[in-house]
Amino acid sequence: MSATTFTIAALAGDGIGPEVMREALKVLRAAEARFGLHLTITEAPVGWAGIDAAGDALPATTLELCRKSDAILFGSVGLPDRDPTIPKEKRPERAALLRLRKEFSLFANLRPVRLPKELSHACPLRPERQGGGLDLLVVRELTGGLYFGQPKKTEDIPGGQRSVDTMVYTSAEVERIAHVAFRTARLRRKKVTSIDKANVLENGILWREVVTRVGREYPEVTLEHMFVDNAAMQLVLKPTQFDVVLCENLFGDILSDEAAALGGSLGMLPSASLGNTTGDRTFGLYEPAGGTAPDIAGKDLANPIAQILSAGLLLRHSLRHDDAALAIEAAVQRVIGQGLRTGDIFNPAEPAARRVGTREMGDAIAAAV
Ligand code: NAD
């Protein structure tokens, strides 16, 4: 029997963070009751809230809480207009989020993109390309490749300058991200499309070899390989062909944003950043794809669905309660089906649509769970 007792660190952060976190916790509590879980959820400050409370975007007590937890549910951090005198490395985006990623070696970034057919109007693609609703997942390697490889420098040379970035992957790094993709595909439509540039890059050749080898351990999952340039095109031509899209860091950065645009609104997109797995537990940080949205903060306008679905991913990947994650996803789908819409997904031309605020959307989803 799987475990039912867990501890979660809830770090709401800035801007709309506290509002959408409040709704996500409501929904988590509903899932806890329905599935007989015992969740100890502790809230702690991060971002500007951390600077205000303890002079640090990631206060020591908050970090300690994260270390003692099974997973982190994260809101978002950063307020562009606050105190420009604080140096970059102390500002929340770096001092909190990047530090947490590093501290917990969060090497796998998962970004599911779902476009319910009811929100067809919010997608930039023509309806016939949406195939009655999109559902794909980008799995991006987050700690290797061109962003971190050494040497990385700019130097003066006769007549100008010369910059070097180094794309480097070990087979072990490719293996562990490939396992994440195949394991996740097993819970979905059982297809992995692995992205590389094996026709040009040494890294691409290694990537393809290792992914193929790991794929043999998952015979029930279909594996296909695609060059990244073609993948960029296929995502807008025929996105319905994809289930799990597996990418190295740079390609994943670009393709996950391209895929995100298909989801209609940032307010609908959750994400997971996973660390290592020990036994049956995987540590992870779960957060909406969007930021703090200062333009709508404190007005009951934010869409809480990205944060709520992030809580669903936490249940699936860190707590291994796929049943509870599915229940949250089904509840979101039901409420969308009933026509409830926050401003970002509201279309006055939809006859059954009813515009609601952050709180009412959260209440409805919690009730549906
Ligand atoms: P943003 O994602 O906060 O907002 C972009 C647009 O999307 C805005 O119009 C906003 O209203 C809308 N939006 C975002 N989330 C929404 C939601 N849940 N419901 C409805 N609409 C939503 O991006 P930005 O304005 O470029 O950045 C604002 C701040 O957030 C910056 O300080 C930035 O650094 C920070 N940021 C943090 C994270 C993070 O914590 N992971 C991610 C991105 C940006």
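A residue counts as buried when its relative accessible area is under 20%. Ala-12 has a relative accessible area of 11%, so Ala-12 is buried. This value, like the others in this report, comes from a predicted model. Ala-12 is part of strand 1, which covers residues 5-13. Along the sequence, Ala-12 and Ile-345 are separated by 333 residues, and in space their C-alpha atoms are 23 Å apart.

**Strand 5 and its partners**

Strand 5 pairs with strand 4 and with strand 10, as follows. With strand 4 (residues 108-115), the pairing is antiparallel and has 8 bridges. Within that pairing, Asp-135 of strand 5 is the bridge partner of Arg-114. With strand 10 (residues 244-247), the pairing is parallel and has 4 bridges. Here Leu-137 stands opposite Val-244, a residue of strand 10.

**Helix 6**

Helix 6 takes in residues 171-186. Why do the ends of helix 6 lie 22 Å apart? The expected span is 1.5 Å times one less than the number of residues. Helix 6 has 16 residues, so it should span 22 Å, and the distance of 22 Å between its end C-alpha atoms agrees with this. The buried residues of helix 6 are Glu-173, Val-174, Ile-177, Ala-178, Val-180, Ala-181, Phe-182, Thr-184 and Ala-185. Among them are the charged residue Glu-173 and the nonpolar residue Phe-182.

**The ligand and its surroundings**

Which residues come nearest to the ligand? Out of 21 residues around it, they are Val-77, Glu-93, Gly-291, Ala-293 and Asn-303. Sorted by class, the shell around the ligand holds 10 nonpolar, 7 polar and 4 charged residues.

| Residue | Part of the residue | Distance to a ligand oxygen atom |
|---|---|---|
| Val-77 | backbone N or O atom | 2.9 Å |
| Glu-93 | side-chain N or O atom | 2.5 Å |
| Ala-293 | backbone N or O atom | 2.7 Å |

The ligand taken alone exposes 810 Å², and the protein buries 68% of that area. For Val-77 and Ala-293, the atom that lies at the stated distance belongs to the backbone, whereas for Glu-93 it belongs to the side chain.

Note on methods. Residues are numbered from 1 along each chain as its sequence is written. This is a predicted model: local features need pLDDT of at least 70, side-chain atom pairs count only at pLDDT 80 or more; totals for chains, interfaces and linings use all residues. Side-chain values use heavy atoms; hydrogens and water are left out. A residue is near a molecule or strand if one of its heavy atoms lies within 4 Å of it. A polar contact is a pair of N or O atoms within 3.5 Å; within protein, one must be able to donate a hydrogen and the other to accept it, and residues adjacent in sequence count only if both atoms are side-chain atoms. Accessible areas come from the Shrake-Rupley method with a 1.4 Å probe; for residues, only the protein chains shown count as cover. Two strands pair if DSSP finds at least two bridges between them. Helices (H or I, at least four residues) and strands (E, at least two) are DSSP runs, numbered from the N terminus. Buried means under 20% relative accessible area, exposed over 50%, partly exposed in between (1.4 Å probe, protein chains only).
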